[in-house]
Every structure is written in structure tokens, then in C-alpha cells.
Amino acid sequence: MNNLHAPTIPSGPTSSTGTNGQLGKLSFAELEAKKRNVEEELKALGSVLESHGVDMNTALLTKDGFPRSDIDVAQIRTTRSRIIRLRNDHKEIMARAEKFLHEHFANLSGGDDLSSQAPVETIPGGADSEIATLDRPFAKVNTVASDSPAERAGLKPGDEIRNFGYVNRGNHDGLKKLAECVQGNEGQNIFIKVSRPEGVANRQELRLTLLPSKDWGGRGMLGCHILPI
């Protein structure tokens, strides 16, 4: 009865994703919606644990091996189990979203090999109608280390990032999602869209392929410093 007013979480399977095969039938917008739903539920479940004064690693047994009497051990275990399942669901969604983007860009290029430094298009500064169809930049490359994954991908200081994998201006969350995208894709290609100033009137729109790696010989997995715009 000590936890009578604590939020309750039902046991049972999550309703979020299912198998990777089912995810493959979803559009990118549907994947984004599922990702948001999972993240919202994870946040709510985290609040449940906080209401009990515990986290995912707090011991639930006494030194003698008995369940603690000051907390609702059964509910905490149920909540933790659901969090673990949702985290796995989230990983599946993120992996499918990244694969979706890879397939999408491959189809746009006609299946040709994407050169990491090949521009998709160069848009004159006055072509407002074309620029309006692109996502607005959300980050800017400040510095790029020599012989880093960022340099090998073709990134340069001053480049403005429109898309970084599944991350864009609407969901980057202070660049936290960009960091998550990098961490979750070590050794895998990430497609990014970059806007690069070219003279006074023109901008060059590029699609680059970035391969994060811990073993390139420098700090981080990219070797560049990125700032939010």
C-alpha cells in the first residue's frame, strides 16, 4: 500500500513494432511516428521508476536476498522489463529508418555507386523555388580533422547540414539525435545532405557518405566539430 498512488504499467508485450519484417512495410513517416511513440512511452516508464526512487540498476533485494519492503518490487520489475523491450524496439526502428534512407538514395541515383564527394546538384542563390523543397540546415561544420572519417567523406568547415541520416531540423534535439545516429551506426554508411557556399550568389547541394569509426586515429568517430544553427 506504500505505492498506492504510483503510476501503474500493465504487463505484457509492447504494441510498438513487432518484427523487422513488419517494419519493412512501413513508410518513413510511419517509422518516425513509431519512433516518437516509443520514445514517449520510454519517458513515461522512466518517470514510473523515478516515482519509486529507483533506476534500471537499483537493487531490489535486501542483503539477505529478500524483496525490499519499501518499494513495489513487482511493478518495478514489470516496468524494467517493458523498458528493455521498448529499447530493443527503438533499435529496430532506427536501423530500419537508416536502411530506408539508404535504399531511397540508392533508387534516386539509379543504383549507381555514390561517390562520397559527388554533388547532387548545384543551386544558384536565386533559385528560391528549388531551395524551398530542401530541408533547412540545422547544423554547421566548424572544423574537420585531417584524414578523419569526416574529411574522407568530403565534409569541409562551413558546410551546413540539412540531413544527417534520419536526423533533420525538426528532430535533432540540440544535436542529441545526431550523436545517437553516429553511435548507432559505427562502421555503417550514413548519408548526409550538405549545403556549401560557393561564391557570393551560389550554393552547392551535396550528398555525402560518412562512415563513422573509432579507429581512425583521432577523437570521436567523425573527426569534426559540429555546431547547431
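Analyst: The largest share of the lining of the second largest pocket, 4 residues, is supplied by helix 6, and that helix is the part followed here. A pocket is an open set of points on a 1 Å grid over the protein atoms alone, where a 1.4 Å probe fits and protein lies on both sides within 12 Å along at least five of seven lines, whereas a cavity is a set from which the probe cannot get out; lining residues have an atom within 4 Å of a point. Helices (H or I, at least four residues) and strands (E, at least two) are DSSP runs numbered from the N terminus.

The model is predicted, so local features need pLDDT of at least 70 and side-chain atom pairs count only at pLDDT 80 or more, while totals for chains, interfaces and linings use all residues. Residues are numbered from 1 along each chain as its sequence is written, and side-chain values use heavy atoms, with hydrogens and water left out.

Helix 6 spans residues 176-183, and its buried residues are K177, L178, C181 and V182; buried means under 20% relative accessible area, exposed over 50%, and partly exposed in between, with a 1.4 Å probe and protein chains only. These four cover an arc of only 145° around the axis, which puts them on the same side of helix 6, the arc being that of the directions from the helix axis to the C-beta atoms. The exposed residues K176 and Q183 sit on the face of helix 6 that is turned away from its buried side.

The second largest pocket holds about 300 Å³ of space, a volume being the space filled by probe spheres set on grid points that are joined across faces, edges and corners. Its lining has 15 residues, and G220, M221, L222, G223 and C224 lie nearest its centre. Strand 2 (139-144), helix 6 and strand 6 (224-228) are the elements that give two or more residues to this lining. By class, the lining of the second largest pocket divides into 10 nonpolar, 4 polar and 1 charged, where Ala, Val, Leu, Ile, Met, Phe, Trp, Tyr, Cys and Pro count as nonpolar, Asp, Glu, Lys and Arg as charged, and the others, Gly among them, as polar.

The elements giving two or more residues to its lining are helix 2 (28-51), helix 3 (73-108) and helix 6, and helix 3 gives the most, with 8 residues. The lining of the largest pocket has 5 nonpolar, 5 polar and 9 charged residues. Because domain 1 (28-109) and domain 2 (139-228) both give residues to that lining, the largest pocket lies between them; the domain bounds come from an automatic or database domain assignment.

A salt bridge (a side-chain nitrogen of Lys or Arg within 4 Å of a carboxyl oxygen of Asp or Glu) joins E39 to K177, with the closest N and O atoms 2.8 Å apart. This pair links distant parts of the chain, since E39 is in helix 2 and K177 in helix 6, 138 residues apart. E39 is partly exposed, with a relative accessible area of 22%, while K177 is buried, with a relative accessible area of 12%. K35, E39, K177 and E180 are linked in a network of salt bridges.
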